[in-house]
Amino acid sequence: MTYLLRRLAVFPLVLIGVSIVVFVAIRMVPGDAITAMLGTEAGLLTPQQRAALAAYFGIDQPWFVQYGRWLVGLLHGDLGISTTYGRSVLDVILERFPLTLELALLSMLIALLVGVPAGVFAATRNEKLSDLGVRVAAMIGQSTPNFVLALLIIYTLSAGFGVLPAMGEFAPLWQDPLRNLGQLILPAITLGFAFAASVTRISRSAMLDVLSDDYVRTARSKGASARSVIWRHALPNALIPVVTLSGIEFGYLLGGAVIVEQIYALPGLGRLVLDAILQRDYALVQGCVLFIAFNFMIVNLLVDLAYAALDPRIRLGEN
């Protein structure tokens, strides 16, 4: 069995484990869908009315029965019906996911375009004043929470320029590209800022290690230009830890940047999960978490395959 098939064979086991954990965890949260939906008026329900609503929401049975029903539906491609939206959970997820995917891609692009050149620049000027400046900037970026940067951006735009970022609505890229970019560029900068700082530090550290290797000294002794040595010989091997970090971060971003989406009022996957938890929408929470876990596993698999593409010495699946 090849490495790829072995990894794919593990996916169902991981997803079942995740589904059990989230199924139990969401039901341990105080309250239920009836109380979340009706609020204080839930106390006015008669026992017969509450029992009827519990049967309607499917929470009148023991946990293992509820999980069995949900798992059978999952095997048939049915994640259940959201009690909040009255629609298929999968439809609701796929409606929100494009925004989160685009935001994650923009954040990743900004972080890599800033972080990798900054890390290479600092590594080639090791212990100089410019290197110190890059390292200090990277430490500030890693130490600043995303919500602080988001609030600073909103305050600066409103107090300094009298404008506010476009918030609350989402125009798909294929419908209005300019409006779409205007809505997502500031959240992407907010998310990409801290990630760019991490990429800068990892890139600098990896480049310093690679620049001291024998093959780099050999390339220099053969008369290769400094630019060729850095960007053609050293950088591809230095990118392996950057790929690792990017894969992990991208997986988290696909799970939804809850705080940033909340501050900028973006209807993404992160806010969807948060609202589903607050509303005790069990089917929606379970479906979202399972969808996020699946995305995370796919990203990790792609990262492992990228290792072999970047470094031919790596052979996947060998002992």
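This note goes through the predicted model point by point, from the whole chain down to single residues.

1. Basis of the note. The structure is a predicted model in which local features need pLDDT of at least 70 and side-chain atom pairs count only at pLDDT 80 or more, while totals for chains, interfaces and linings use all residues. Residues are numbered from 1 along each chain as its sequence is written, and side-chain values use heavy atoms, with hydrogens and water left out.

2. Overall make-up. The secondary structure of the chain comes to 13 helices and zero strands, where helices (H or I, at least four residues) and strands (E, at least two) are DSSP runs numbered from the N terminus. Of the 319 residues, 39% count as buried, a word that means under 20% relative accessible area, with exposed meaning over 50% and partly exposed lying in between (1.4 Å probe, protein chains only).

3. Surface and contacts. The chain exposes about 17100 Å², and carbon and sulfur atoms supply 67% of that area; accessible areas come from the Shrake-Rupley method with a 1.4 Å probe, and for residues only the protein chains shown count as cover. Among the contacts in the chain with a separation of 6 or more, 73% come from residues 24 or more positions apart, contact meaning heavy atoms within 4.5 Å.

4. The core. The largest nonpolar core has 72 residues, of which I93, M207, Y264, L269, L272, L284 and C288 touch the most other members. Helix α13 (residues 282–310) gives the most to this core, with 14 residues. Such a core is a set of buried Ala, Val, Leu, Ile, Met, Phe, Trp, Tyr and Cys residues joined through side-chain atoms within 4.5 Å. If residues up to four places away in sequence are not counted, L272 touches Y85, V92, I93, R96, L284 and C288.

5. A helix pair. Helix α9 (residues 214–221) packs with helix α10 (residues 226–254) at an angle of about 170°, and their axes are 11 Å apart. That angle makes α9 roughly antiparallel to α10, since angles under 35 degrees count as roughly parallel, over 145 as roughly antiparallel, 65 to 115 as roughly perpendicular and the rest as oblique. The axes are lines fitted to C-alpha atoms, for helices over the stretch in contact, and the angles run from 0 to 180 degrees between N-to-C directions. On the α9 side Y215, V216, A219 and R220 take part, and they meet V229, H233, A234 and N237 in α10.

6. Two buried residues. A122 is found in helix α5 (residues 89–123) and is buried, with a relative accessible area of 0%. Leaving aside residues up to four places away in sequence, A122 touches D131, V134 and R204. A122 and M207 are 85 residues apart in sequence, yet 9.2 Å apart in space, C-alpha to C-alpha. S198, in helix α8 (residues 177–211), also counts as buried, at 17% relative accessibility, and with the neighbours up to four places away again not counted, S198 touches Q142 and L245.

7. Two loop residues to look at. E127 lies in the loop between α5 and α6 (129–143), and its phi is near 65°, a positive value in a residue other than glycine; at 61% relative accessibility, E127 counts as exposed. A265 lies in the loop between α11 (258–263) and α12 (269–278), with a phi near 55°, again positive in a residue other than glycine, and at 22% relative accessibility A265 counts as partly exposed.
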